[in-house]
Amino acid sequence: MSRRMSETASVRSFDSIPTMADVEATLGCVDMNQRYELYSGRLVSFAEVGHPCGHPVFCFLGLGCMRYYSIILEDLAFKHSLRIYCIDRPGVGMSQPADPESWTPLRMAEIVEEMANGFNIQKFSVMGHSCGAIYAMACALRLKSRIVGTVWLMSPWVHLTLAKRMKWIKHMPTTLLKSQSTASLLYKSLSVAAKEPPCKSDPNILNYDREKLVKAMLQDNMAESLEGANNDLMVCLELYHSFGFSYKDVTLPVHVFWGTKDAVISKEAVDWMEQRLPQCTLSVIEGGTHGLLWRADVVSKIFKGIASSWKLAEFERSLSQRWSIKQLGLNKHQSYRSSTYSAVQQAIQTSNIYDTQHTLYQSQQIFEDPDRF
C-alpha cells in the first residue's frame, strides 16, 4: 500500500534570479521533505522536483548527498517535462538507517521498485552522479524491463582499483575507516571536490550564488544525518562486501559524461566502462570537474535524451495500439519500422534531439499513410 507521509505541494520554479530567502523557502517546502513508509516499516525521505505531471526519473546523488541537491535540477526538469524523484539512502537526511554490513546497492533497487509500485509508476528513467552511479546501475540490472531508454551517468564511481586518484584510501586501517570522525572527514573532502566551482565562463545550472547555496545545503545535509555518508563510503570502498553485481552485467544502453579535470574519477575508469559494457557511450567534457551535476549544458543533454526516449516509447506504443501486424503488412512494413526504431535510438544515443524529433515526425507521416511507402 502506498504511504506518503506528507501531502504534495509543487516546488516553485523561479522566473527571476532568486534570493537566498527564496532558496531557503524552497528547501523547506513539502515536496522537498516527503517520507515514504516501506513494507518493512522503515521510513525513507525523498524529494520531487520538476513538472508535476512529467515523465518520472529516479536520480541518484553522490557520496552522502541528500535530496536537497535535487533543487538544482528543478528548472531544467520542468522545461523538459520530467519529474525527478530523489531518494535519501539509509542514514541520509530523514531516511532511517540500515545495517551497514547488510546494505548493498541492490537493496536500493528494491526500494525504488517498491516506491514506484506504490506511486503507480510503471516505467521510469534513471540517472546517477558519482557514487550514485552504483545505485543507478543496480536499478538498470534489477529493474531493466521498467527503465525507459538509456542509463545516464555523470562522473561515475566504478571501482577503487580503477579510481587511481583515490588509491591511498585502501592503505588506511579498516578500524580507522569505520570511525565516524574519519568517514565524516573523507565525506567532507569528497564533497568539496564534487562541488568544485567551474571557471566563470562555464555554464552554471542556477543563477544565484553558488557558494552560498552549496554551504546552505551542506549544512542542512550534515545537520540531519552523517551516518548515511559513512555507509556510502563503505559501499564505495566495498569494505564489507562487493557491490553484488558487475557493471558488465548491465545490458541497457549507458551514456557516461566525464570531465577532463575530474579530481576523483580517472580517465582509465570511464575508459574501462566504455570498453567493457555491452552498450556504452562516453562523452568527455573539456575542463569539466567532478561536479558535472552542476553543469547546465551536461544536465540539459541528459534531460533532452530522456525526453526523446519517452517520445520514442510513446510513439512505439501508439503504433502498436493503432495497427495490428496484419494491417501494417508484415513483409512490407516491418523492415521499415525496425530501421526507423534503430535510427531513433542512434539519434538518442548521440543526444541529437533534432534528428530524433525529425525521424519521429517522418515515421509518423509514413505510418499514417502506409500506401505512400
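Let's start with the aromatic cluster. Ring pairs tie Tyr 36, Phe 46, Phe 58, Tyr 85, Phe 119 and Phe 124 together. Keep in mind that this is a predicted model. The count of aromatic pairs comes to nine.

One more ring deserves a look, this time with a charge. Tyr 68 has the charged end of Arg 67 over its ring. The distance to the ring centre is 4.8 Å.

Now the overall picture. The protein has 13 helices and eight strands. There are 373 residues, and 55% of them are buried. The accessible surface comes to about 16300 Å². Carbon and sulfur atoms own 50% of that surface.

On to the helices. Is α4 enclosed or open? Helix α4 spans residues 132–142, and nine of its 11 residues are buried, so the rest of the structure largely encloses it.

Next is α9, residues 267–276. Its buried residues are Ala 269, Val 270, Asp 271, Trp 272 and Met 273. What covers them? Strands are part of the cover, including β6 at 147–154, β7 at 254–259 and β8 at 280–285.

Now three loop residues. Take Asp 31 to begin with. Asp 31 sits in the loop between α1, residues 20–27, and β1, residues 34–37. Is Asp 31 buried or exposed? Its relative accessibility is 0%, so Asp 31 counts as buried. Which side chain does Asp 31 contact? The partner is Arg 83, through a side-chain polar contact of 2.9 Å.

Then two serines with positive phi. Ser 81 has phi near 55°, and Ser 81 is not a glycine. Ser 81 lies in the loop between α2, residues 74–79, and β4, residues 82–87. With 33% relative accessibility, Ser 81 counts as partly exposed.

The other is Ser 155. Its phi is also positive, about 45°, again in a residue that is not a glycine. Ser 155 is in the loop between β6 and α5, the latter at 174–178. How accessible is Ser 155? Its relative accessible area is 0%, so Ser 155 is buried.

Definitions and conventions: Residues numbered from 1 in each chain as written. Predicted model: local features only at pLDDT ≥ 70, side-chain atom pairs only at ≥ 80, totals over all residues. Heavy atoms only, no water. Phe/Tyr/Trp six-rings, centres within 6.5 Å; stacked < 30°, edge-to-face > 60°. Lys NZ or Arg CZ within 6 Å of the ring centre and 35° of its normal. Buried < 20%, exposed > 50% of the residue type's maximum accessible area, 1.4 Å probe, protein only. Helix = DSSP H or I, 4+ residues; strand = E, 2+ residues; numbered from the N terminus. Contact = heavy atoms within 4.5 Å. Polar contact = N/O pair within 3.5 Å; in protein donor to acceptor, adjacent residues only side chain to side chain. Areas by Shrake-Rupley, 256 points an atom, 1.4 Å probe, with all protein chains shown as cover.
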